Amino acid sequence: VNRIWMDRDLLTPRHTARKRLVAMEIYKLLPQTNCKLCGQPSCFAFASQVTVGAAAPEACTPLFGEARYAHQRQALVEMLAEAAS
């Protein structure tokens with residue numbers, strides 16, 4: 001808090017709400033194979049980890065490695081970029 005107060009002149013306030021990531025929305029974009037290649041027991045567990053920043057979406061090998069998931073991959077990347085901005 002003190003650091004933010006000292007840097008207050010350098011900060012620009014955000015007047016719009018940041019879109020919150022929802023695990024179910026991320027899960028819908030995953031392959032839903034429960035292959036465990038990401039290190040999680042299920043795709044939903046992986047999606048939950050992505051929402052809190054504990055897992056990188058690139059850890060989903062099928063999503064980022066197979067061409068058939070290109071549309072879902074692009075949608076996920078856009079969703080994450082929107083949430084980060």
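Q: Gln32: buried, partly exposed or exposed?
A: Partly exposed, because its relative accessibility is 37%. Buried means under 20% relative accessible area, exposed means over 50%, and partly exposed is in between, with a 1.4 Å probe and protein chains only.

Q: What kind of model is this, and how is it numbered?
A: It is a predicted model, where local features need pLDDT of at least 70, side-chain atom pairs count only at pLDDT 80 or more, and totals for chains, interfaces and linings use all residues. Residues are numbered from 1 along each chain as its sequence is written, and side-chain values use heavy atoms, with hydrogens and water left out.

Q: Back to Gln32. Where is it?
A: In the loop between α2 and α3. Helices here are DSSP runs (H or I, at least four residues), numbered from the N terminus.

Q: What about its phi?
A: Positive, about 60°, although Gln32 is not a glycine. Most residues other than glycine have a negative phi.

Q: Which phi does Asn34 have?
A: Near 55°, also a positive value in a residue other than glycine. Asn34 sits in the loop between α2 and α3. It counts as partly exposed because its relative accessibility is 39%.

Q: And Gly53? What is its phi?
A: About 80°, positive, just after α3.

Q: Switching to cysteines. How many disulfides are there?
A: The search of the whole structure finds 0. The cut-off is a pair of cysteine sulfur atoms within 2.5 Å.

Q: What about Cys60?
A: Cys60 is in no disulfide either. Its nearest cysteine sulfur is that of Cys43, 6.1 Å away.

Q: Cys60: buried or exposed?
A: Buried, because its relative accessibility is 7%. Cys35 is partly exposed, because its value is 34%.

Q: How many cavities are there?
A: The count is 1 cavity of 30 Å³ or more. A cavity is a set of points on a 1 Å grid over the protein atoms alone, where a 1.4 Å probe fits but cannot get out. Grid points are joined across faces, edges and corners, and the volume is the space filled by probe spheres set on the points.

Q: What volume does the largest cavity have?
A: About 70 Å³.

Q: Which residues line it?
A: Leu30, Asn34, Cys35, Lys36, Cys38, Gln40, Ser42, Cys43, Phe46 and Cys60. Lining residues have an atom within 4 Å of a point.

Q: Now the largest nonpolar core. Which members touch the most others?
A: Ile26, Leu30, Phe46, Val50, Leu63 and Leu76, out of 14 residues. A core is a set of buried Ala, Val, Leu, Ile, Met, Phe, Trp, Tyr and Cys residues joined through side-chain atoms within 4.5 Å.

Q: Which helices supply it?
A: α2 (23-29), α3 (43-51) and α5 (70-84) each give at least two residues. The largest share, 4 residues, comes from α3.

Q: Which residues of α3 are buried, and what covers them?
A: Cys43, Ala45, Phe46, Ala47 and Val50 are buried. The cover includes α2 and α5.

Q: What does Leu63 touch?
A: Leaving aside neighbours within four places in sequence, Leu63 is in contact (heavy atoms within 4.5 Å) with Leu29, Leu30, Pro31, Tyr69, Gln72, Arg73 and Leu76.

How values were computed. 1 Å grid on protein atoms, 1.4 Å probe; cavity = no way out; pocket = protein on both sides within 12 Å on 5 of 7 lines; lining within 4 Å.
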